[in-house]
Structures are given as C-alpha cells and as structure tokens.
Amino acid sequence: YSFYRQLPAGVKGAFQLFANLLAIPAARVLERVKFLKGVDLFSFMSDEKLQGVARIMTERWEGDGAYLCHQGEEGNDMYIIVDGQVEIIDESGSEDQVILTEQAGACIGELAALEVIPRVAAMRTRGEVRLLVLEGSHFRSLIHENPDMSQRVIQMLVRKLADVTASVHPPGEHTATEPPAIENSEREQPVAEQPFEEIEDE
C-alpha cells in the first residue's frame, strides 16, 4: 500500500497506470467502487464497470492550501473529491476570488479533461484533501463507451454554471444600474394650455 500511495508523485505516464493496476489491492478497488456509486456521474454503472473505472484511477493527497492548478495552466486530469474541500478560484482580476467551494463527491477540472484547454479557474485545497484522479483520455473513452454519461456530464456542467452565477450574482442583487437622476431644471415642464382665439367673421 505504501508503494501504491507514492505512485502519483513518483511514476509518470503509461508505467504509472501499469504499476497502479498491479499495486491496487482488491479491498482498495471495492472501496473506490462503493464511493463511486454515490457520485452521480458514475452511479448508473454496474459493479463490473465501476471496478474497471476504479482501476484506471490514481489517488492524490494534499494538505491545506495546496494548488491543484492555476487559472490558465494546461490541464488534462479530472479530480473527484473523496475527502475534504476544494476552492474554485477566479484569478483573472486584481484579487483572487473564491467563486465556489466543492465538497466530497464533487467532480472538478472536467472541462480540461473533456478537451485539452487551459484551466478556466484555479483549484486550491481547503484543509487536508484526498482525491481520485482520472486522466482526460480515460474520461473521454468512458463517455464514448457509455452514452448515458454524456447526459450526466451536461447536467453537471449546467448545475455548476447555475452555482457560479448564483455565487457571483446572489438572488435579489440587481446588476442593472439605476438611471441617473434628472435635475429639476432639466425635467420636462408641463405646457400650459393656450386659449383658442376667436376668429371674427369678416
């Protein structure tokens, strides 16, 4: 087990996956399967499929305040939070802004795993965190092999968009600016009615 725990930090690429497959004890696989059943993205899968998913994942442990990535960095992994919390941070402004705090069971970093693009936000641990890591190529293969997963990915993205929108613009907050006040002198004055002049017959 101690050797397996060191794999994410010490072994890269295909050898990491191969060593991971050999090193995972059956009890660890069953533990992951049990956990993944409670994750909406994978809950529809059979135990057999979940065992296959569990075996291609790696694990990652981080202490408090560790950055999984920074905004704009290249990324290819999706993370599933097993324990702890991860803050999603907008680093585009003059000051960093925490826009979401994801809890255990949440999938994060899925956009970069779906398509190799720069990270749209930074991810920072809040307290000690344990993660399952799924490489982008494996994630895309799972979606291709399991059409039901596509709908769940779309639903997950829609929920996240709604959460971010609610975080940035809480309910009841009006984003539209009020029209500027009109000075008294500029206000339209009522037009006094003019009496009709009588026209005398010639």
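The protein chain exposes about 13000 Å², and carbon and sulfur atoms supply 53% of that area. The model is predicted. Of the 202 residues in the protein chain, 33% are buried. The points below go from the overall fold to single helices, then to a helix pair and the cysteines.

**Overall fold**
- The secondary structure of the protein chain comes to 7 helices and 6 strands.
- Along the sequence, these elements follow the pattern α-α-α-α-β-β-β-β-β-α-β-α-α.
- Among contacts with a separation of 6 or more, 71% join residues 24 or more positions apart.

**Helix H3 (26–36)**
- The buried residues of H3 are Arg28, Val29, Arg32, Val33 and Leu36.
- These residues lie on the same side of H3, because they cover an arc of only 140° around the axis.
- The face turned away from that buried side carries Ala26, Ala27, Leu30 and Lys34, which are exposed.
- An α-helix has 3.6 residues a turn, so residues three or four places apart point the same way.

**Helix H4 (residues 47–56)**
- In H4, the residues Leu50, Val53 and Ala54 are buried.
- They sit on the same side of H4, because their arc around the axis is only 100°.
- The cover over the buried residues of H4 includes helix H3 and helix H6.

**Packing of H6 against H7**
- Two packed helices are described by the angle between their axes and the distance between the axes.
- For helix H6 (residues 136–145) and helix H7 (residues 147–168), the angle is about 115° and the axes are 5 Å apart.
- H6 brings Phe139, Leu142, Ile143 and Glu145 to the contact.
- H7 brings Pro147, Met149, Ser150 and Val153.
- By class, the residues of this contact are 6 nonpolar, 1 polar and 1 charged.

**Cysteines**
- A disulfide is a covalent bond between the sulfur atoms of two cysteines.
- With a cut-off of 2.5 Å between cysteine sulfur atoms, the count comes to 0 disulfides.
- Cys69 has a relative accessible area of 5%, so Cys69 is buried.
- Cys107 counts as buried because its relative accessibility is 4%.
- The cut-off behind both calls is a relative accessible area under 20%.

Notes. Residues numbered from 1 in each chain as written. Predicted model: local features only at pLDDT ≥ 70, side-chain atom pairs only at ≥ 80, totals over all residues. Heavy atoms only, no water. Axes fitted to C-alpha atoms, helices over the stretch in contact; angles between N-to-C directions. Helix = DSSP H or I, 4+ residues; strand = E, 2+ residues; numbered from the N terminus. Contact = heavy atoms within 4.5 Å. Nonpolar A, V, L, I, M, F, W, Y, C, P; charged D, E, K, R; others polar. Buried < 20%, exposed > 50% of the residue type's maximum accessible area, 1.4 Å probe, protein only. Areas by Shrake-Rupley, 256 points an atom, 1.4 Å probe, with all protein chains shown as cover. Arc of directions from axis to C-beta.
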